Amino acid sequence: DVQAWAGRISALTVRLAEAHGQLLGFIGYTTQGHIDLLFTAPDQARRGVAQQLYREAEATLRASGVRRLTTDASLVATPFFLRQGFVIDRAETVVRGGVSLSRNHMQKML
């Protein structure tokens, strides 16, 4: 749903990582400190792209006075956020397009 994605992204600050015209990854977050999107291209996994994007977002949010970060992490993304100092608040199951997805609501105090 292009309109839904456009609306979602318009409410976020989005940072891109790219090299030689190739998108390596991106992060999208609110000015209140909610990390909504974090993606790394499959061929860039485990090369520090997500970590660099996250560090830049955290530094920007910290400098703007945000004291608490939140995210709703997929089960695959949860270990990454744990390594960044997040803790799991609660496990959740959401339904998207008729499919149940497990995720963790997480937070980090700055």
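Phe-81 is in contact (heavy atoms within 4.5 Å) with Ile-35, Leu-38, Thr-71, Ala-73, Phe-86 and Met-106, leaving aside neighbours within four places in sequence. Phe-81 is also among the residues that touch the most other members of the largest nonpolar core. The model is predicted, so local features need pLDDT of at least 70 and side-chain atom pairs count only at pLDDT 80 or more, while totals for chains, interfaces and linings use all residues. Residues are numbered from 1 along each chain as its sequence is written, and side-chain values use heavy atoms, with hydrogens and water left out.

**Nonpolar core**

- A nonpolar core is a set of buried Ala, Val, Leu, Ile, Met, Phe, Trp, Tyr and Cys residues joined through side-chain atoms within 4.5 Å; buried means under 20% relative accessible area, exposed over 50% and partly exposed in between, with a 1.4 Å probe and protein chains only.
- The largest core has 18 residues, and Ile-27, Tyr-29, Ile-35, Tyr-54, Leu-69, Phe-81 and Phe-86 touch the most other members.
- Two or more residues of this core come from each of β2, α2, β4 and α3.
- Helix α2 gives the largest share, six residues.

**Helix α2**

- Helices (H or I, at least four residues) and strands (E, at least two) are DSSP runs, numbered from the N terminus.
- The buried residues of α2 are Val-49, Ala-50, Leu-53, Tyr-54, Ala-57, Glu-58 and Leu-61.
- They lie on the same side of α2 because they cover an arc of only 155° around the axis, taken from the directions from the helix axis to the C-beta atoms.
- Their cover includes β1 (13-19), β2 (22-29), β3 (34-40), β4 (68-74), α3 (78-83) and β6 (99-109).
- Just after α2, Gly-65 has a positive phi of about 100°.

**Strand pairing**

- Strands pair if DSSP finds at least two bridges between them.
- Antiparallel β1 and β2 are joined by seven bridges, and Glu-18 has Leu-23 in β2 as its bridge partner.
- Two residues separate β1 and β2 in their hairpin, where His-20 in the turn has a positive phi of about 55°.
- Antiparallel β2 and β3 are joined by five bridges, and Gly-25 has Thr-40 in β3 as its bridge partner.
- The hairpin of β2 and β3 has four residues between the strands, and Gly-33 there takes a positive phi near 105°.

**Thr-78**

- Thr-78 lies in helix α3 and is buried, with a relative accessible area of 6%.
- Not counting residues up to four places away in sequence, Thr-78 touches Ala-73, Ile-88, Asn-104 and Met-106.
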